[in-house]
Amino acid sequence: MNRIEKLKNNVYSFEELDTLEKNATKLGDAETLRLIVLSRASKKANGEKPKSIVGEDGRPLTKRGRREEKARR
């Protein structure tokens, strides 16, 4: 199954959609960006929620988030 078919069938997780969106933006792939928006909306309509990237104490949970927070300081 190729990327377009997987997007149409909502196979990707929210985290994978973020990565696909970043790559599609760099490549200027309008079709993929449109399908990502539809896939996210479909997931939210079905009750799925993206994982939180911020902990209860307000600190980022991901290594990337912690690195970006340090860079802002």
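Q: Which residue just after H2 takes a positive phi?
A: In this predicted model, where local features need pLDDT of at least 70, side-chain atom pairs count only at pLDDT 80 or more, and totals for chains, interfaces and linings use all residues, that residue is Gly28, with a phi of about 70°. Residues are numbered from 1 along each chain as its sequence is written, and side-chain values use heavy atoms, with hydrogens and water left out. Helices are DSSP runs of H or I with at least four residues, numbered from the N terminus.

Q: What should the 14 residues of helix H2 span?
A: The expected span of a helix is 1.5 Å times one less than its number of residues. For H2 (residues 14–27) this gives 20 Å, and the end C-alpha atoms are 20 Å apart, which agrees.

Q: Which residues of H2 are buried?
A: A residue is buried under 20% relative accessible area, exposed over 50% and partly exposed in between, with a 1.4 Å probe and protein chains only. In H2 the buried residues are Phe14, Leu17, Leu20 and Ala24. Viewed down the axis of H2, they fall within an arc of 110°, taken from the directions from the axis to the C-beta atoms, so they line one face of the helix. They pack against helix H1 (3–8) and helix H3 (30–45).

Q: What does Arg40 touch, leaving aside its neighbours within four places in sequence?
A: Contact means heavy atoms within 4.5 Å. Arg40, which lies in helix H3, is in contact with Phe14, Leu17, Asp18 and Glu21. At 17% relative accessibility, Arg40 counts as buried.

Definitions and conventions:
Helix = DSSP H or I, 4+ residues; strand = E, 2+ residues; numbered from the N terminus.
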